[in-house]
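Please have the viewer open as you read.

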Amino acid sequence: MGTETKRKTRRGKRGGDTKRQQDDAETVNEQGSATSEPTVASSSAYVAPPMDSAAAPFYIDTQAATDSAEAQAEKISPASYGLVNPDLQKYLKSCEDMLDDQKFGSTEDRDIFINNVYSEMKNFELQLTTDHEASRILEKLFWISNDYQIKRYFAVTREDTIRLVVHRFSSHTIQTLLLLSAIALEREMRGEICEFADTGDDDETSGPQAVRTALPTFEELVLGLAKTLAPQWSYLMANEYASHILRVLLLVLTGSPIEDQANPKTSIKSKRSVKYMEDRNGTPAHHRSLASKRAVPSSFGPALTELLKTVSDDMSDLAARGFTSTTVGGTVLQSMLELQAERSSIEYPGSLLDKCLMGLVSAKDISDANNARRDAYIKMMIEDVAGSHFLQMVMNICSSELLQKLYDLYFRGNLKALAFHPISNFVVQSLFSNAKSERQLKSMIEGVAPMVGDLLFKNRPGVVRALVDSCVRLESGYLELINALYNGLGAKSATERGELINLLAFLITYAEFANSDYNRLQFKIQGSLIIQAILQFPSDGLEPMMDSYFSQDPEKIFSWCKDPSGSRIIEAILKSKQVPANSKRRVLEQHLGRYAELAMDRYGSHIVDACWETADIQFKEKILRELVKRETQLQDNQFGRFMLRNCRVEQYKRKSSEWRERERGLEKKKLMFKDFLGTAKPSGVAVQPVAGPKTPQHTTFGSKPKASDVDEIDSLFQKSNVRVAANDQADKITKATSEKVAKVDKHDGKAADKSLEAVMDAISGAKRKKSKSKDKSQDEDKDQSSAKKSKKAKEEERKKRRAFAG
């Protein structure tokens, strides 16, 4: 370490590299070279040379004309400003500990520290961005800097933008500045950003004769960056350091989420990058504003449209095809096509998509689409790692006509080979998931039906799941798919088809299922996902699955509740909008007497939550009684404690009437504000007896319970039932008042917000009436008790008189 420091010190402050660059420049001039790389001392901005994207050396085509050696040699070199002064580097390393700990006494101390760091870095900004250690420290500093400091540093980088974005280290610095600009744009639109520095440390704003000059706005900085990068866009797409800046720039211009870790497919940061940022670099892995949709200035829309049009028109056919099979430029190309599809049509002759598919878009029909070179090219993409991702994106945004062309030319008749390929099977899944019409979907089901069994048992169930998802989305083809599943699983008779849910859950044929030990079978995740998707089918497609479920032994169903994949199936039944209410009621009754045991299980507790959301008030009380009986055990269990809190057991024990009022209030709010909440029914299912020998009979709410249903827990809460009638009367008043307010609002034509305000007033008035009725009932109870006491006292007095007279 000491030798390295001494070596850098002898060179001084950029002295050695500056001397070396001058010597190189003199040598080039002596050889008669027309151009030379600008030295550090040059103050003029670097202008990138014009570049023909079709002549780039990374595009390979045997039929393309080769370029001249001069054109091949003309490249953009990364920025180089020499070595950082060792004293400045040592100072920044000492500041890194403060940036990591951020243990400042106050906000003022932190601002003073940041201002001092920027003062030390002044006039060395570009040099620091290209240094390995300094650029990493800069990223940490940017995240705690104010908007003016970010703008000033961003403005400095405009002097040599092209060479900075292709540099290994400075490209990350530019990306961080762009991300922080995206966050600050919303504040700038609200006018919350100061155009000048808060202190007078800068030379431009210090001194009595100085004139304070405002920096460019963040909007101008982003638009300027897009304008600077546009002429060299094709070259930058192929650069491994500049391509990610282009992706971020496109997302900033649209206001789309940039670092959405919940959706890794749309996030620009990989898991490896996030882990590095959190563990080693110490900077935030993501920002809340970057993970959501953001508002952008109105000028960004036209600028983005013009940028996409210019780049698409200037990009040659060869360049576009080259990017489809590259991992670096392919992601930028996919983002460009997705943004173009959102704004206008992309399927016209000569479009960027047409260039990428070698004219397949402009082909009028299948007969015109026959092209040997194009067929070989697209078939290669289907089985290519990068090309397959491009085709998956195309299927997401293309029209029904283009999808039909792709299916007829490259998939029909080849589904078996492609579905079992380790790469192309994902393209087949995307094809099935993006079926545009009922006719296309049924054609795909017909083509894949003979091999459904092989797909399920040979590690390709995702293909079948893609078809199931399309059946749910298009609401068609589910009967054909159910029959294909029967044949693939080897279930022919009615008895065998009754085991459909078991065969799919364990991904096993009926012959193997009949000869297996049920307790040793294990759930398959893909099988569980297929069942969950089938539970979204309409009633006629859902009926075979529900019949198979209710034909299972209750003990087997209970074991499912404690399995991570099996519990998901039961949750899907309770949460599905297609499953009828009486079927959900049967599911609730299957677990009576075992809710406390399920509440103490890691996966079973989720079943109790789903049952609680589905049940009505009467059934919720049954669940509560089971939980109260084993409250001590639940308190000692980590999952049981959560269930006691979610079900509000303490409130139910103290004042059951208040608990009932709260539950009724939640149900009434869902009914009264269904237009606002988007729900037409309360969560609770209707309490009606279900026919069948397996289902016990239950009385409706309000009827007198049987003697067998009353236990010691019921006796504890009998006194609280006195006020139920008063509460029901208050509920009727609330409903009548809300209907009256709704009629008045409809008659007067008032706005929705006034109607909502009136309804809320009506609710508050009803609550006051309810409280009055409650107080009145309490007074009546007191009067009755006092009357009883006085009558008893008179009777005792009569007895004493008779005894005295006798």
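## Salt bridges and cysteines

Glu571 and Lys575 sit four residues apart, about one turn of the helix, and both belong to helix 34 (residues 564-575); helices here are DSSP runs of H or I with at least four residues, numbered from the N terminus. Their side chains meet in a salt bridge at 3.5 Å, N to O, where the term stands for a side-chain nitrogen of Lys or Arg within 4 Å of a carboxyl oxygen of Asp or Glu. Glu571 is buried at 10% relative accessible area, whereas Lys575 is exposed at 58% (buried is under 20%, exposed over 50%, partly exposed in between, with a 1.4 Å probe and protein chains only).

This is a predicted model, in which local features need pLDDT of at least 70 and side-chain atom pairs count only at pLDDT 80 or more, while totals for chains, interfaces and linings use all residues. Residues are numbered from 1 along each chain as its sequence is written, and side-chain values use heavy atoms, leaving out hydrogens and water.

The whole structure holds 26 salt bridges. Here are two of them:

| Pair | Closest N and O atoms |
|---|---|
| Asp147 and Arg187 | 2.5 Å |
| Arg594 and Glu555 | 2.7 Å |

Asp147 is in helix 8 (residues 147-156) and Arg187 in helix 10 (residues 170-189), so this pair ties together parts 40 residues apart in sequence. Asp147 is buried at 17%, and Arg187 is partly exposed at 25%.

A network of salt bridges links Lys93, Glu96, Asp100, Glu133, Arg136 and Lys140.

What about disulfides (cysteine sulfur pairs within 2.5 Å)? The search finds zero. Cys356 is buried at 0% relative accessible area, and Cys398 is buried at 5%.

Definitions and conventions:
Disulfide = S-S within 2.5 Å. Helix = DSSP H or I, 4+ residues; strand = E, 2+ residues; numbered from the N terminus.
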